[in-house]
Amino acid sequence: MSNKYLLKKIEYVHKQEERNNSIFIAIKLALLFFQKVIAGQSIQDSNERLCEVLQCSLSGLHYAFRILEANGILTRTYADDNKFTRTQFIFNLEKFVSWLKLTKYDDEYINAPKRSFKRAVVNQTSIIIKDVRSKVERAIAEIKRIEKITDRKVLEDKIKVITAKVERDYTRYLKHLKTRATKLAKTEARRQEKHIKIR
C-alpha cells in the first residue's frame, strides 16, 4: 500500500483530538510518527522536541517508547553500543495501518485483550483508514477455505453481503467517532474553563 494511496484512504474525524490531554502518550507518539512517515519525512526528532510536541515529561516519553517497541510498532536505532546516541526511529507503518483499519465491530478488535495497545489505538484515535476491499478479500478467502465454495453465483452473493456489512460498520463507526470527538471537545472546554476560574 503506497503512501499516496494511504493519504486518499485516511479520514480525520476530529484532528484536534490528537492533542487532547486524555489521550495516551504512546498513541500520540505513534500518530505523530505515522503522519511523518506517510508525508515522506524522516523521524529524527530529539527527545526534547518530542516532549515539547506531545506536551509530556521525559519519563512519559520513554514509557511511550517502551510500549511502542513492545508492540512492534517502533524500533530505536543507536550509533554506539552503549546506546547513548540515538540515530533514528524505524516505524512499522504496515502494522500500525492494519490497526487504523479496525473498527470496534471487527473480530480482531473484539478478540484482542481488553488492555492491549491495539485496542487502545482503536479506542483513542480519530483517524481511520477505510479499506473495504482488503477486508472483503480476507473474509472471502476465509469462506473459501472453510466452506469450500466453488459456485460463482453463491460466491458473488456472499461478497455482496460482506461488502454491505463492512460499509455499514465503517459508517456507524465514523458516527461513533464523531460523537466521541464532540464529547471530548466539550469535556476539554469545561476543563479549560475550570482551570481559568481557579487561576
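## Two buried tyrosines

Tyrosine 105 and tyrosine 173 are both buried, a term that here means under 20% relative accessible area, with exposed meaning over 50% and partly exposed in between (1.4 Å probe, protein chains only). The model is a predicted one, in which local features need pLDDT of at least 70 and side-chain atom pairs count only at pLDDT 80 or more, while totals for chains, interfaces and linings use all residues. Residues are numbered from 1 along each chain as its sequence is written, and side-chain values use heavy atoms, with hydrogens and water left out.

## Aromatic pairs and charges over rings

Across the whole structure, a search finds 8 aromatic pairs, where rings of Phe, Tyr and Trp (its six-membered ring) pair if their centres lie within 6.5 Å, and planes under 30 degrees apart count as stacked, over 60 as edge-to-face and the rest as tilted. The ring centres of tyrosine 105 and tyrosine 173 are 6.4 Å apart and their planes stand at 85 degrees, so this pair is edge-to-face. Because tyrosine 105 belongs to the loop between α5 (93–100) and α6 (107–110) and tyrosine 173 to helix α9 (residues 152–198), the pair ties together parts that are 68 residues apart in sequence. Elsewhere, ring pairs link Phe33, Phe34, Phe65, Phe89, Phe91 and Phe96 into a cluster.

Arginine 172 lies over the face of tyrosine 105, at 3.5 Å from the ring centre, and the charged end of arginine 119 sits over the ring of tyrosine 109, 4.4 Å from its centre. The rule for such a contact is that NZ of Lys or CZ of Arg is within 6 Å of the ring centre and within 35 degrees of the ring normal.

## The cavity

The count comes to 1 cavity of 30 Å³ or more, a cavity being a set of points, on a 1 Å grid over the protein atoms alone, where a 1.4 Å probe fits but cannot get out. The largest cavity holds about 40 Å³ of space, the volume being that filled by probe spheres set on grid points joined across faces, edges and corners.

Its lining, made of residues that have an atom within 4 Å of a point, consists of Trp99, Leu100, Leu102, Val121, Val122, Thr125, Ile127, Ile128, Tyr173 and Leu177. At least two lining residues come from each of α5, α7 (117–124), β4 (127–129) and α9. By class, the lining divides into 9 nonpolar, 1 polar and no charged residues, with Ala, Val, Leu, Ile, Met, Phe, Trp, Tyr, Cys and Pro counted as nonpolar, Asp, Glu, Lys and Arg as charged, and the others, Gly among them, as polar.

For the 14 residues of helix α2 (residues 25–38), 1.5 Å a residue gives a span of 20 Å, which agrees with end C-alpha atoms 20 Å apart; the expected span is 1.5 Å times one less than the number of residues. Since 11 of the 14 residues of α2 are buried, the helix is largely enclosed by the rest of the structure, and among the buried ones are Leu29, Phe33 and Phe34. Just after α2, glycine 40 takes a positive phi of about 75 degrees.

Cysteine 51, in helix α3 (residues 47–54), counts as buried at 12% relative accessibility. Cysteine 51 and leucine 29 are 22 residues apart in sequence, with their C-alpha atoms 9.7 Å apart in space. Glutamine 55, in the loop between α3 and α4 (58–70), is exposed, with a relative accessible area of 60%, and its phi is near 55 degrees, a positive value in a residue other than glycine.

## The chain as a whole

The protein chain has 9 helices and 4 strands, taken as DSSP runs numbered from the N terminus (helices H or I, at least four residues; strands E, at least two). Of its 199 residues, 40% count as buried.

Conventions. 1 Å grid on protein atoms, 1.4 Å probe; cavity = no way out; pocket = protein on both sides within 12 Å on 5 of 7 lines; lining within 4 Å.
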